[in-house]
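This report covers the interface between two chains. Look over the model first, then read on.

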Amino acid sequence: MTVRVQAADFDLTQAVAELHGGDARVGAIVTFVGTVRDLDDAASVVSMTLEHYPGMTEKSLAAIEAEARARWELRDVLIVHRVGELRPLDRIVLVAVTSAHRGEAFAACEFIMDFLKTRAPFWKKEETPAGSRWVDARTTDDDAAERWKTR
Amino acid sequence: MRTPAAVFVDLVYLARLREVLGIASERVAIPAAVVTVGDLRALLAARGGTWAIELAPERAVRIAVNHTLVEPGAPLRSGDEVALFPPVTGG
C-alpha cells in the first residue's frame with residue numbers, strides 16, 4: 001500500500017503504472033480522481049486551501065485501506081491526497097485499486113473514498129468573491145459511508 | 001491509577017476551530033475529576049465566550065486521541081495528544 005499527502009500534482013498514468021508494478025495477477029485497475037469545482041453551494045470558488053492533521057492523516061488512511069483489504073481480495077492500493085492551495089480544475093485526490101477481478105476493485109475504490117470523505121482529517125477552506133469560508137461537512141457523505149454497514 | 005499532580009494533555013485545534021478559538025495548540029493540566037474526552041470538552045467549554053459557543057454539546061466537534069477518532073466516553077491518559085476539529089471535508 002502507499003499513502004501520500006503532498007502539495008504537488010500527480011500524474012494518473014504514472015500512478016497507475018506504479019501501482020500495477022508488473023503484477024500479472026492484476027486483472028482490474030479502478031481509479032477515482034476528485035477535482036476542484038468552480039461552484040459550491042451556488043457560490044463561485046476562486047481557490048481553496050486544503051489543510052490536514054499530519055500524523056493522523058496517514059494513520060486514518062492506512063486504517064481505511066486495511067478495512068477495505070479485510071472486505072475484498074485486493075492486490076494493491078494507492079491513495080494520494082493534495083494539500084495547500086488549489087484552484088478549479090485542479091486534481092485533489094486519487095484512489096487507485098488493483099485486484100484480480102473488477103467487482104472487488106470497483107467496490108473497494110468507492111468504499112475507500114466514502115470513508116476518506118468522513119474519517120480522514122482534511123478540511124477545505126474556499127475563497128469566493130464574498131470572502132473565505134470553511135466548507136461544511138455534508139450529511140450525504142455520512143450517508144454514503146453509513147450504507148457500507150449493510151453492504 | 002494515575003497521579004493527579006502529573007496529569008496533562010497536549011491539545012491541538014484544527015481548521016475552523018483553530019481560527020475561531022485563536023489557538024493552534026496548548027498543554028493543559030487536567031483536574032482529577034476530568035477522566036474522559038467528554039469531560040475535557042466540558043472543561044474547555046467552561047472557559048466561556050467563544051469556547052462555550054464552539055464546544056457546546058450541540059455543536060459538531062470531532063475529537064481524536066493520539067491520532068485516532070474517539071467517542072466522548074474514551075479515557076484520557078497523561079501525555080495524550082488530543083485534537084479537536086470540525087467534521088472533515090477532504091476528498
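Contact here means heavy atoms within 4.5 Å. On that rule, 20 residues of chain B are in contact with 26 residues of chain A. The model is predicted: local features need pLDDT of at least 70, side-chain atom pairs count only at pLDDT 80 or more, and totals for chains, interfaces and linings use all residues. Residues are numbered from 1 along each chain as its sequence is written, chains are lettered from A in the order in which they are written, and side-chain values use heavy atoms, leaving out hydrogens and water.

**Interface**

Buried area is the accessible area (1.4 Å probe) that two parts lose on being put together, summed over both. For chain B and chain A this comes to about 1,800 Å². Carbon and sulfur atoms give 59% of that area.

The rule finds two salt bridges across the interface (a side-chain nitrogen of Lys or Arg within 4 Å of a carboxyl oxygen of Asp or Glu).

**Thr89(B)**

Beyond four places away in sequence, Thr89(B) touches Phe122(A), Trp123(A), Lys124(A), Val135(A), Asp136(A) and Ala137(A).
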